[in-house]
Amino acid sequence: MKFLRNGAAIALAFAPVSGFADTLEDVQARGQLLCGVNTGLSGFSFTDADGNWTGFDVDMCRAVAAAVLGDADAVEYIPLTGKTRFTALSSGEIDFLSRNTTWTYSRDSDLAANFVGTSYYDGQGFLTRAELGVSSVMDLDGATICIKTGTTTELTLSEFFRSNGMTYEPVPIESDSEAQQQYNAKSCDVFTADASALAANRASFADPDAHVILPEIISKEPLGPAVRHGDDRWHDIVGWTLNALIAAEELGITSENARTLGDTTNSPEIKRLLGVDGDLGAMNGLSATWAQDAIAAVGNYGEIFDRHLGTDTVIGLERGLNAQWFNGGLQYAPPFR
């Protein structure tokens, strides 16, 4: 730490805490973004019939690649489990993590994972077979429960059952595919995970109606992208790309009009966001049209949600807390100025 004095002003210059002090330069030199994603979770990150990665979290990777490189396809996807994701981030194997990951104190501090914002507001739920006749979490005393290791759900489950004087038998699993196998083989009565992940898994079953998601949500699970500590500019780039997608929905900017709206609108904020008036991108070493490029490539937040998770998909999720703030939700982007 070095103290620099200039009149009454005192500045602090900090040495980077890791060997990855300029991720932007690394990505630009490589010409490709290394993005950590789930090993396979329908709606969030999975490979389609043609072997292409797709999903809500994948579109975040694509948006950042478009903002930084001008090419949403310049991404290498690194599939990671709950156990391996933070090691991959801290070691530099990936540039950022976009893998339905909960923002917590210990992960932000002890694991040195800087969360850039909340892309999906979620909570822990429970999936079980309808034939068991269970209607509430309080009916699960003594149940066998499939639970992914290396996740926040482990501790939350333990605390919830202990505080309610209930017991359970854990069946540890590492991935959603293993969870499906164990659950469908009846190795466990219940599968617990983020409610969105349960809906995604249920939608992939041969008979989704034979399975029910119980009504209780027992935790707060703010999911979002994460970067390493020690690179403030990269944190700003990934975070403000997410904010650009959220703001675009509020401002009426879509994948179809992102290239033209800036020239026809009277809104100063739209002009700034799209790079028509001023150059916000230069503050982070990006082009003036960084946000325009990202929105044109993947659409605004609402387009992304509806395409992968919404009521017209097999997953069928309502916006709920993920609606815009003016529609009763929690999604809210700071001003672009």
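1. Contact here means heavy atoms within 4.5 Å. With that in hand, take Ile253: leaving aside neighbours within four places in sequence, Ile253 is in contact with Ala248, Ala258, Leu261, Ile270, Leu273, Leu274, Ile295, Asn300 and Glu303.

2. A word on what you're looking at. This is a predicted model, so local features need pLDDT of at least 70 and side-chain atom pairs count only at pLDDT 80 or more, while totals for chains, interfaces and linings use all residues. Residues are numbered from 1 along each chain as its sequence is written, and side-chain values use heavy atoms, with hydrogens and water left out.

3. The chain is divided into domain 1 (23-119 + 224-254 + 299-325) and domain 2 (123-219); these bounds come from an automatic or database domain assignment. Taken over C-alpha atoms, the centres of the two are 25 Å apart.

4. Now the inside. A nonpolar core is a set of buried Ala, Val, Leu, Ile, Met, Phe, Trp, Tyr and Cys residues joined through side-chain atoms within 4.5 Å, where buried means under 20% relative accessible area (1.4 Å probe, protein chains only). The largest one has 67 residues, and Phe96, Phe191, Trp234 and Ile253 touch the most other members. At least three residues of this core come from each of domain 1 and domain 2. A second, separate core has 14 residues, including Ile147, Phe160, Val190 and Ile218.

5. How much area do domain 1 and domain 2 bury between them? About 1200 Å², with 56% of it on carbon and sulfur atoms (buried area is the accessible area, 1.4 Å probe, that two parts lose on being put together, summed over both). On the domain 1 side, Leu41, Lys83 and Ile315 lose the most area to domain 2, together 30% of what that side buries.

6. Between domain 1 and domain 2 the count is 1 salt bridge.

Definitions and conventions:
Buried means under 20% relative accessible area, exposed over 50%, partly exposed in between (1.4 Å probe, protein chains only). A salt bridge is a side-chain nitrogen of Lys or Arg within 4 Å of a carboxyl oxygen of Asp or Glu.
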